[in-house]
Amino acid sequence: MTSKAQQWSSQRAFILAVTGAAVGLGNIWRFPYMTGENGGSAFLLLYILFVLILGLPVMMAEIMVGRAGRAGPMQSLMNMARENGASPQWRHIATLGAVTLFLILSFYGVVSGWSLAYIGKSISGDFAGQPPNVIGGIFGQFLENVPLLLICHLIFMVLTMAVVARGVTQGLERLNNLLMPLLYLLLLLLAGYAVTTPGFGEAMKWLFLPNPEAITWKATLDAMGHAFFTLAIGACALMAYGAYMPPEQSLPKAVIAVAILDVGVALLSGIAIFSVVFSHGMEPAGGPGLMFVTLPIAFSDITGGTWLSAAFFVLLLLATWTSSINLAEPMVAMLIDKGWRRGQAAFAVGVAVWAMGVLSALSFNVLSDVFPLQALGGIFAGKTVFDLVSSIPPDIFLPLGGLLIAIFATRVMPASDGRAALGGGEAFYRRWRKITVMISAPLVALVLFVSLLKLWGV
Ligand code: PFF
Ligand code: NA
C-alpha cells in the first residue's frame, strides 16, 4: 500500500469512528423527544445555533488535545499540563468525563434495550394493522414488563462490553459504516411517507416557523446540553480519536462533515415523528416514549411495514451500539492505564454501569414514584433516577466538561501544538481560537450560570 492510500484510510477510519460515536439514540430518540418538550422550532433553532457556535469549536478543541497528546485522555491532559508548567490537576477533566460517561451509558443502555425489544415486536407483527392507540398501549405495557425490560437491558450491556473487552471496535465500526447508509435511507423513506400524511404541514410549521415565546431558560439549557450530547463531546470520549489522524489532515473538515451528518439524521427523524404526532392528534411532549410510539404507527401504515420496522430497529441498534462502545471505552482505557487487564476492566465497568442502569429501567415501573434528589429542588425536583441521569449529565456535565476542555486547549496547550493539531492553517487556527475564547467558552458559562439560577427560581 502506498503511503497515500494508508493515510486516506486512516482519515477514513477517523471519520468512521467519530460518526459511529455521534450518530445514535441522540439523533433519533432524544432529539425529537427534547424538541417535543421544548416547543418545537424554538428548541430546534437554539440547538442548531449551539451546534454551530459551541459544538464545532469544542469538538475541534477536544480532538486537538488528543491529537497533540497522543495518549488516553487523562494521560494526554496530564502530559501536556506538565510540559507547559500547568497543574497536573487538569487531568481531572477526564475524571469528570468518566463520571459523565458512566451516568449517560447507564440510561443509554436501557433505551438501547427498548430498541432491541422493538426488533422482536416488529418481527412478530405486534404493530401490523393496529390503530395508533393500540400501538401506544404496547409501549405502555412494555414499560410495565419488568423482566423483559431487564433482560433486554442486560443483553445490550453484554453486547457492548463484549466488544470493548476484546478491543475489536474497529471491526464493528466498519460494519456500522457499511449499514448506516441503509438507516439514512429508511429515515428518508419515513420522511417521504411523512409528506403524504395530513399532519405534515403542521409538523413543518411547528418545527420551522419561528416561535420566540417558547425560548425559555429550560429550552436553552436543554438545547445546549443536547448539542454536546449529540456530537458526543464534553466528556473526553472523542479525545483519543485524534491519534487516528495523519499529521497533515485537516480536522475542521472532518468535524464539519460529522456535524452535518448528525444534524441531518436528527432533522429527518424529527420530520417523520412530528408528522405522525400531528396526523393523529397526539401530544408533541410525549416524553421518552415518543419515538417508540410514533415510528411503529408510521410503519404500520406503510406496505411492507413489518419488515421495514424490524430493519429500522436493527439499524438503530447498530447505531446505538457503536455509540455505547464509545461511551464505555474511555472508562475502560482509564482502568487499563492504572494497570488493569482489558477484560477485567470491561467487566468491572460493565457491571457498574449495568447496576446503575437497572435503577433507570425500574424508573418506569417499580420506582416511578421515587425522586431521589427531591430535597435539592429546582432541576432535581420530581425526577426519577432515569429523569435525573438522562438530563443532568447531558445538560450540565457535558457543557461544563466542554468549557474546561476549551479553556485547556486555548490556555494550557501551546499555540504551536494547537495549530499543528487543528491542521487548517495559521489563519484558521487564529479564527478558531478567537471564537472559542470570545464566544464559545463565555456562552457556555453564561447559559449554565443563568439557566441554573433561573431553574432554581433564584
Ligand atoms: N452522540 C451519541 C448520540 O447522539 O446518541 C451519544 C453520546 C455518545 C454522548 C458518546 C456522549 C458520548 F461521549
Ligand atoms: Na448524535
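Let's start with what I mean by a helix: a DSSP run of H or I with at least four residues, and helices are numbered from the N terminus.

Thanks for coming, everyone. What you have on screen is a predicted model, in which local features need pLDDT of at least 70, side-chain atom pairs count only at pLDDT 80 or more, and totals for chains, interfaces and linings use all residues. Residues are numbered from 1 along each chain as its sequence is written, while chains are lettered from A and ligands numbered from 1 in the order in which they are written.

Let's go to helix 17. This helix runs over residues 426-455, so please find that stretch; its 30 residues reach 42 Å from first C-alpha to last, close to the 44 Å expected, where the expected span is 1.5 Å times one less than the number of residues. Where is the kink in helix 17 centred? On T436, with a bend of about 40 degrees; the bend at a residue is the angle between axes fitted to the seven residues ending there and the seven starting there. Just after helix 17 comes G457, with a positive phi of about 70 degrees.

Which residues of helix 17 are buried? I call a residue buried if 20 or more other C-beta atoms lie within 10 Å of its own, exposed if 12 or fewer, and partly exposed in between, with C-beta atoms placed from the backbone. In helix 17 the buried ones are Y429, W432, T436, S440, A441, V444, V447 and S451. As a reminder, an α-helix has 3.6 residues a turn, so residues three or four places apart point the same way. The cover over the buried residues of helix 17 includes helix 3 (41-69), helix 10 (217-231), helix 15 (385-412) and helix 16 (415-422).

One residue of helix 17 to click on is I435. I435 counts as partly exposed because it has 16 C-beta neighbours inside 10 Å. Leaving aside neighbours within four places in sequence, I435 is in contact with P57 and S440; contact here means C-beta atoms, placed from the backbone, within 7 Å. I435 and I53 are 382 residues apart along the chain, yet their C-alpha atoms are separated by 8.0 Å.

Now for the largest nonpolar core. By that I mean a set of buried Ala, Val, Leu, Ile, Met, Phe, Trp, Tyr and Cys residues joined through C-beta atoms within 7 Å. This core has 159 residues, and M60, M64, V65, L77, L238 and A272 touch the most other members. Helix 3 gives the most to this core, with 17 residues. Take M64: not counting residues up to four places away in sequence, M64 touches G242, L251, A409, G418, A421 and L422.

Next, ligand 1. Which residues come nearest to it? Of the 16 around ligand 1, the answer is G24, G26, T230, A232 and A237, where a residue is near if its C-beta atom, placed from the backbone, lies within 6 Å. Helix 1 (3-22), helix 2 (25-37), helix 5 (92-123), helix 10 and helix 13 (305-337) each give two or more residues to this shell. The shell divides into 10 nonpolar, six polar and no charged residues. In that count, Ala, Val, Leu, Ile, Met, Phe, Trp, Tyr, Cys and Pro are nonpolar, Asp, Glu, Lys and Arg are charged, and the others, Gly among them, are polar.

Let's stay with A232. It lies in the loop between helix 10 and helix 11 (251-279), and it is buried, with 28 other C-beta atoms within 10 Å. Most residues other than glycine have a negative phi. A232 is not a glycine, but its phi is positive, about 65 degrees. C236 also has a positive phi of about 65 degrees without being a glycine. C236 is in the loop between helix 10 and helix 11 too, and counts as buried because it has 30 C-beta neighbours inside 10 Å.

Just after helix 5, G125 takes a positive phi of about 75 degrees. Helix 12 (residues 290-300) has 11 of its 11 residues buried. Those buried residues pack against helix 2, helix 5, helix 6 (132-144), helix 8 (169-195), helix 11 and helix 13.

Conventions: Two residues are in contact if their C-beta atoms, placed from the backbone, lie within 7 Å.
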